[in-house]
Amino acid sequence: MTDDVILQVKDLKTYFKLDEGLLKAVDGVSFDIKKGRTLGIVGESGSGKSVTNLAIMKLIPSPPGWIAGGEVLLHGKDILKMSDTEIREIRGNKISMIFQDPMTCLNPFLRISTQMIETIVLHQGLDKKAAKDKAIEMLKLAGIPAPEKRIDQYPHQFSGGMRQRVMIAMALSCNPEILIADEPTTALDVTIQAQILELINELSERLGTAVILITHSLGVVAGMCDEICVMYAGRIVEKANADQIFGEPKHPYTMGLIKSVPRLDKTTKERLYSIPGQPPNVINLPDCCPFFPRCEYAKDICKQKYPPVSGISTGRSVACWLYGGGN
Amino acid sequence: MAKYIIRRLLSLIPTMFIIITLSFFLIRVAPGGPFSGEKGLPEQVQQNLLKKYHMDEPLFRQYLRYFGDVLIGNFGPSLRYKESSVNELIAQGFPNSIILGTVALALATFAGICVGILSALKQNRWQDYSAMSLAVIGISVPLFVIGPVLQLVFAMNLKWLPVSGWIFSRAGLKTLILPALTLAFPYFAYIARLSRASILEVLRSDYVRTARSKGLSEGIVIRRHVLKGALLPIVSYLGPAFAGIITGSIVVESIFFIPGIGKIFVQSALNRDYPLIMGEVIVYSLFLVTMNFLVDVLYGFLDPRIAYK
């Protein structure tokens, strides 16, 4: 089982020093990525999902941000302790990323060919000619029609969905072990969203790439992910496999999220459920459960101390006082 | 692209027509005239002078006559410098101003961009603070302070460079250094601030994050992904700056005794030397619109999103 683990994130902390105070964007997050599996990270805006993954790549803008603690072990080696040269060997090669807004993530001044070839030449040591052939092959896999022609065009000549396909082709061009997809479909039309998710699924399966899928939509993770982490205010509140999360959610926040998904099989005309209240301001957050003001099961202890993470079964854990004090 | 260039060139014709017409009538509206000096010429002499330069004719007729002359490239005689024509005066001064302006702007651009890059990469560190302080000095200290200070230090005290003179004198190209530095300073300061702001903006952009996430080294990220987008605003600033630096060099030309066009420009306006003013306005505007045109064409090559039809 442990042989399959490619990447281990252990107690990762990423803070930002802002004028208003200390922002603990990520505060002790741990999870494992296994070979060829898909991990979903779900949470509201500002819950720390994106920062977690930028930290894995050591791409936190500094200042004002810094990695305050924890380990990110890639095959047992801590990325956070690596030199800039070592980490550049990993970026785009072992771990690559695609981002939310394909309209702004490609350089508008450079041809697609330039942007794709530079990565392949850098990591695979191919010459430009061979790299271009490889790039065309990747574009073809990503479903770009007439890739031989399209590769010499500029990003503005592509639609949003096509640009995301280019990003995916570029990210997978060096056969990375892990693909981090940071809200890859949020900026796209619903019909295109399904196509892009399908493409990520299909290509990662074919190339044996593990995927970290960051999203705020439970619907997206439901169809794609093997394991799911639910994040709230910079921490993982529940971690389980997909069936467990949807079948028997443990954390009140997860329950709320699932209740607020619109369902086709409900016939009653009641209003769609929403979790009451607002997500907390994570600046100078006290040591309590950050969800207690919105929680219908809140007890006294919730206001006083952050709940310990309790393991429920193998690979399943939850951070909530409802499930005892760490038993 | 060719179509666009032709269309832009054709549009220069009405622009120039409007400039010539407006300036012709506007300078006549200003009170006084070329012969109304403080000494006061006898009535008869004034009449004869007006007659000689056809200024006793109705204004519109003068305009038509002038326009006809301009079309064949004749700017007429100077009313003040009686031994030379306007064409000769401009031909003498303009090349010198162009040489000075080109050297100064090249210097300002190169140094400005280098300092801008350094400042942006070392944002909020001592390199940034000192570069931006220098830029504030460049923008706020007037040329008639910078020029004499440079003369004092490098010419009088250190005796490295001549105090004044021009490249055709015995000192040769050495005479170019101090005036070019002086003239370049405020432009350098502006370009440094502009490129710093622009690079900082691009450094925070999504596509630079993508470039970093691909494992590119910081040098390649800056050279290939940042600079091209960041330097576009500077290109569009350079067009008008080039025209401005050439005509605006009057102070520097006076300080360093350079036979440029700047001095004649101011003198002609004070003297109401109508043909000379007109000649300079035409040459200056032609220069300005040409520069703007070149910048627009250059933009088309630098920014692939712009398609000229």
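**A close look at chain B**

A: Let's start with contacts, meaning heavy atoms within 4.5 Å. Among contacts in chain B between residues at least 6 apart in sequence, 73% join residues at least 24 apart. Do keep in mind that this is a predicted model, where local features need pLDDT of at least 70, side-chain atom pairs count only at pLDDT 80 or more, and totals for chains, interfaces and linings use all residues. Residues are numbered from 1 along each chain as its sequence is written, chains are lettered from A and ligands numbered from 1 in the order in which they are written, and side-chain values use heavy atoms, with hydrogens and water left out.

Now for the overall picture. Chain B has 12 helices and 0 strands; helices (H or I, at least four residues) and strands (E, at least two) are DSSP runs, numbered from the N terminus. Read from that end, the elements run α-α-α-α-α-α-α-α-α-α-α-α. Along the principal axes, the C-alpha atoms of chain B fill a box of roughly 85 × 60 × 35 Å. Of its 309 residues, 47% count as buried, that is, under 20% relative accessible area, while exposed means over 50% and partly exposed lies in between (1.4 Å probe, protein chains only).

Next, let's follow one helix, H4(B), to two partners. Two packed helices are described by the angle between their axes and the distance between the axes. Axes here are lines fitted to C-alpha atoms, for helices over the stretch in contact, and angles run from 0 to 180 degrees between N-to-C directions.

Helix H4 (residues 86-121) and helix H12 (residues 274-302) of chain B have axes 10 Å apart and pack at about 40°. That makes the pair oblique: angles under 35 degrees are roughly parallel, over 145 roughly antiparallel, 65 to 115 roughly perpendicular, and the rest oblique. Their crossing is right-handed, a word used if the near helix is turned clockwise from the far one by less than a right angle, with left-handed for anticlockwise. H4(B) brings B:Val86, B:Leu89, B:Ile90, B:Phe94 and B:Ile98 to this contact, and H12(B) brings B:Pro275, B:Leu276, B:Gly279, B:Glu280, B:Val283 and B:Phe287. These divide into 9 nonpolar, 1 polar and 1 charged; Ala, Val, Leu, Ile, Met, Phe, Trp, Tyr, Cys and Pro count as nonpolar, Asp, Glu, Lys and Arg as charged, and the others, Gly among them, as polar.

The other partner is helix H5 (residues 126-140) of chain B, whose axis comes within 7 Å of that of H4(B), crossing at roughly 140°. H4(B) and H5(B) are therefore oblique to each other, and their crossing is left-handed. Here B:Val115, B:Leu118 and B:Ser119 of H4(B) meet B:Gln127, B:Asp128, B:Ala131 and B:Met132 of H5(B). This set divides into 4 nonpolar, 2 polar and 1 charged.

One last stop is a backbone detail. Most residues other than glycine have a negative phi. B:His54 is not a glycine, yet its phi is positive, about 60°. You will find B:His54 in the loop between helix H2 (43-52) and helix H3 (59-71) of chain B. Its relative accessible area is 32%, so B:His54 is partly exposed.
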